Amino acid sequence: MQAAATLCARDRSAVYEKLMNAISEHRLKPGTKLTEEKLASIFKVSRTVVREALQQMAFERVVEILPNRGAFIASPTIAEAKEFFQARRYVEVPLLENICQRVTAQEITLLRQHVKQEEKARHSGDRRKIVRLSGEFHVLLASLAGNRFLERTVRGLQLLTCLTILLYDTPTDVTCQHNEHERLVDAVEARDSMRAQKLMLDHLLGIENSLHLEEPEEEEDDLEEILLGTGN
């Protein structure tokens, strides 16, 4: 019984990770329907395993489960997108003070290795990998604070940011700029928390400002034209 439960948990985690990676690489787009039967067939698991994975993703707001309709990849509204970025500023910027205090040489090496992977993906033009690695950098950095709950929060917000980018920008290079992560690592290695926080704040604001997060202005109907037909 315990072995079966362990296997089920492992399968659920695998499905969850594969779906999350597909979102982070922009392979799954906002509004995509996730059918339990289809996913169970793809991943060779039970529908129960798929359902539990989707429920976990719904808890993190990456998936929307609608009564009598099923599960869909979330489609953040403009208001929600602005809240995501606000939440990221509230979480990721202050975290850097703690990270700068406790970071080790080995962890700096991990960060630099990750930045090199990003650069390699840029040189090869692998956009999906660029997008995924750019997001993973933020999660890796957050993990160095030693708080699993905050790390998970950052991961969820990063994935919601991926969906926001797909909805509110054209497929241009809106991912993190090539030297911004490197400069962040430099500041963390120097344990300069003030500089690191400023770099992160500017970094997040830069991504947000590159998106089209303004509600279109509503045009007021011309009642005279509508009712009296005064228009051409």
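**Figure 1. Packing of helix α4 (residues 78–102) against α9 in the predicted model.** The axes of the two helices come within 9 Å and cross at roughly 160 degrees. An angle over 145 degrees counts as roughly antiparallel, so α4 is roughly antiparallel to α9. The crossing of this pair is right-handed.

**Figure 2. Residues in the contact of α4 with α9.** On the α4 side, the contact is made by Lys82, Phe85, Arg88, Arg89, Glu92, Val93, Pro94, Leu96, Glu97 and Cys100. These meet Ser193, Ala196, Gln197, Met200, Leu201, Leu204, Leu205, Ile207 and Glu208 of α9. Sorted by class, the contact of α4 with α9 comprises eleven nonpolar, two polar and six charged residues.

**Figure 3. Isoleucine 207 in helix α9.** Helix α9 spans residues 193–209 and includes isoleucine 207. The relative accessible area of isoleucine 207 is 8%; buried means under 20%, so isoleucine 207 is buried. Phenylalanine 85 is 122 residues from isoleucine 207 in sequence, while their C-alpha atoms are 9.0 Å apart in space. Both residues are listed in the contact of α4 with α9, Phe85 in α4 and Ile207 in α9.

**Figure 4. Crossing of helix α2 (residues 36–43) and helix α3 (residues 47–59).** The two axes come within 8 Å, and the crossing angle is roughly 110 degrees. Angles of 65 to 115 degrees count as roughly perpendicular, so α2 is placed roughly perpendicular to α3. The crossing in which α2 passes α3 is right-handed. From α2, the contact involves Glu36, Glu37, Leu39 and Ala40; from α3, Arg47, Val50, Arg51 and Leu54 take part. By class, the contact of α2 with α3 has four nonpolar and four charged residues, and no polar ones.

**Figure 5. The chain that holds these helices.** Ten helices and three strands are present in the chain. Their order along the sequence is α-β-α-α-β-β-α-α-α-α-α-α-α. Of the 232 residues in the chain, 41% are buried. Among contacts with a separation of 6 or more, 74% are between residues 24 or more positions apart.

Notes:
Residues numbered from 1 in each chain as written. Predicted model: local features only at pLDDT ≥ 70, side-chain atom pairs only at ≥ 80, totals over all residues. Heavy atoms only, no water. Helix = DSSP H or I, 4+ residues; strand = E, 2+ residues; numbered from the N terminus. Buried < 20%, exposed > 50% of the residue type's maximum accessible area, 1.4 Å probe, protein only. Contact = heavy atoms within 4.5 Å. Axes fitted to C-alpha atoms, helices over the stretch in contact; angles between N-to-C directions. Parallel < 35°, antiparallel > 145°, perpendicular 65-115°, else oblique. Left-handed = near helix turned anticlockwise from the far one by under 90°. Nonpolar A, V, L, I, M, F, W, Y, C, P; charged D, E, K, R; others polar.
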